[in-house]
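Please keep the sequence and the structure at hand while reading.

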Amino acid sequence: MHNKQQDDVLAWLKGEADIMADLTREWAEINSGSYNPDGIIRQRDAMAEKFQTLGGEAALMPVGKIPSISAEGQEVTYQPPEAFSLVKRPHAPLQILLVGHIDTVYASDHPFQSTELLPGNKLRGPGVADMKGGIVVMLKALETFERYQGADRLGWQVLLTPDEEIGSIGSAPLLKAAAKGKYAGMVYEPALADGTLAGARKGSGNFALVVRGRAAHAGRNPEEGRNAIVACAYLVQALVMLAEKGAGVTINPARIQGGGPLNMVPDLAIIHYNVRTQRLEDEAWVTEEVARIAAEAAARCEVSVTPHGHFTRPPKPMTPENQRLFDLVQDCGRTLGLTLAVTPSGGCCDGNNLWHYGLPNVDTLGVRGANIHSDQEFMYLDSLTERAQLSALMLMRLADGALG
Ligand SMILES: [Zn+2]
């Protein structure tokens with residue numbers, strides 16, 4: 001289905017390819033690791049400056065603190081900088097939410113800090129795919145859409161958050177508030193290298209078990225000590241066995257801290273682990289089972305075991321509501337000559353949260369890329385125009401009442 005005015009608007013984007021590539025490089029070279037507040041502010045302000053050319057009402061929105069467990073077993077918190085929000089035409093009949101994250105997984109002291117062009121029209125660099133290129137796609141899609149005659153019928157909100165890579169605990173309340181009253185969500189995580197989109201997604205949570213035993217001399221009175229590391233070993237084994245019992249649940253014991261001099265019975269050890277779920281009811285099951293395992297380990301090893309953490313991203317199933325939106329994306333893809341496959345993913349993102357708050361969404365509308373979260377991260381430069389056209393066409397069709 002072709003529409004002359006839509007075609008003309010989309011053609012405008014072809015002249016923007018170099019601007020999009022340059023902007024992606026510029027942004028990727030600003031370090032915005034999740035725990036680098038200065039870099040996040042710099043990156044956020046650079047993005048805000050571009051988005052504000054679209055008009056609308058801009059605001060900085062405070063986000064909550066993010067708890068974690070220190071090497072000493074204490075709960076500590078990190079305060080991320082404010083998120084950026086831009087609202088345009090809030091009284092239009094149809095409201096769309098566009099979400100991106102400013103942060104990346106690369107800390108300010110990580111060696112991967114610059115971009116490089118690779119053969120095959122690839123750009124390698126920190127966050128080029130996840131998701132600075134994606135935010136460029138979002139920006140240009142909106143610029144394109146705003147040139148459309150029918151734009152008046154659709155209002156939108158852009159929300160750029162500072163803590164997606166660490167679970168969006170701080171920005172979850174903002175995502176929830178922004179989802180309210182919206183018709184659909186568009187999130188700019190990268191698509192796979194071949195253009196495939198993520199459909200159903202697993203849920204996730206990060207947890208820790210803090211084990212406290214009793215210190216003693218390893219030679220003089222070891223029988224008076226209670227070894228926290230031995231208890232930890234028991235707990236790790238029990239977690240692995242638990243995952244084997246729960247269909248579709250995976251548990252990754254990711255880091256163990258603790259211990260000390262070799263002549264001392266260690267009195268502190270911490271297990272940090274991640275849990276992935278397939279169904280919402282898995283969350284209660286895992287929580288109960290971990291409490292049981294913790295009590296067993298405490299009794300058997302005569303230590304204390306304190307569970308920390310909670311599920312932050314519920315699963316996102318492919319429901320009929322989400323399916324309708326994917327049908328629209330695929331239909332827009334066909335108009336642009338793109339075949340867009342959809343596959344389930346064990347990964348998760350803000351699309352999980354939005355669905356949990358009742359908002360159907362497609363969450364891989366960013367660039368095509370691969371090797372994210374590694375120093376081999378890259379994206380295909382031609383996917384900037386391609387994906388901006390895809391989002392712009394979706395917005396135009398939604399404004400025209402594509403989903404009724
Ligand atoms: Zn991401």
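A residue is called buried when its relative accessible area is under 20%, exposed when that area is over 50%, and partly exposed in between. The structure is a predicted model.

The structure holds five aromatic pairs, and one of them joins Phe207 to Tyr273 in a stacked arrangement, with 5.5 Å from centre to centre and 20° between the planes.

A pair of aromatic rings is described by the distance of the centres and the angle of the planes. Tyr106 and Phe112 provide another case: their ring centres are 5.3 Å apart and their planes stand at 80°, so this pair is edge-to-face. Tyr106 and Phe112 are both buried.

Which helices does helix 1 (residues 4-14) cross? One is helix 4 (residues 128-145): the two axes come within 9 Å and cross at roughly 140°. Helix 1 is therefore oblique to helix 4, and the crossing is right-handed. On the side of helix 1, the residues that meet helix 4 are Val9, Leu10, Trp12 and Leu13, and their partners in helix 4 are Lys140, Glu143 and Thr144. Sorted by class, the residues of this contact are four nonpolar, one polar and two charged.

Another partner of helix 1 is helix 10, with axes that come within 10 Å and cross at roughly 155°. Since angles over 145 degrees count as roughly antiparallel, helix 1 is roughly antiparallel to helix 10. This crossing, too, is right-handed. Helix 1 contributes Gln6, Val9, Leu10, Leu13 and Lys14, which meet Thr385, Ala388, Gln389, Ala392, Leu393, Met396 and Arg397 of helix 10. The contact of helix 1 with helix 10 comprises seven nonpolar, three polar and two charged residues.

Apart from neighbours within four places in sequence, Thr385 is in contact with Leu13, Lys14, Ala17 and Met20.

When neighbours within four places in sequence are set aside, Ser171 is in contact with Val63, Thr161 and Asp163.

Leu338 is found in the loop between helix 8 (320-335) and strand 17 (342-345). With a relative accessible area of 15%, Leu338 is buried. Leaving out neighbours within four places in sequence, Leu338 is in contact with Gly333 and Glu386. The C-alpha atoms of Leu338 and Leu390 are separated by 9.1 Å, while the two residues are 52 residues apart along the chain.

The backbone deserves a final look. Most residues other than glycine have a negative phi, and most peptide bonds are trans. Against this background, which peptide bond is cis? The bond from Asp130 to Met131 is cis, with omega near -10°, and Met131 has its place in helix 4.

Glu302 is not a glycine, yet its phi is positive, near 55°. Glu302 lies in the loop between helix 7 (281-301) and strand 16 (304-313), and its relative accessibility of 49% means that Glu302 counts as partly exposed. His373 likewise has a positive phi, of about 65°, although it is not a glycine. The loop between strand 19 (369-370) and strand 20 (378-380) holds His373, which counts as partly exposed because its relative accessibility is 44%.

Conventions
Residues numbered from 1 in each chain as written. Predicted model: local features only at pLDDT ≥ 70, side-chain atom pairs only at ≥ 80, totals over all residues. Heavy atoms only, no water. Axes fitted to C-alpha atoms, helices over the stretch in contact; angles between N-to-C directions. Helix = DSSP H or I, 4+ residues; strand = E, 2+ residues; numbered from the N terminus. Parallel < 35°, antiparallel > 145°, perpendicular 65-115°, else oblique. Left-handed = near helix turned anticlockwise from the far one by under 90°. Contact = heavy atoms within 4.5 Å. Nonpolar A, V, L, I, M, F, W, Y, C, P; charged D, E, K, R; others polar. Phe/Tyr/Trp six-rings, centres within 6.5 Å; stacked < 30°, edge-to-face > 60°. Buried < 20%, exposed > 50% of the residue type's maximum accessible area, 1.4 Å probe, protein only.
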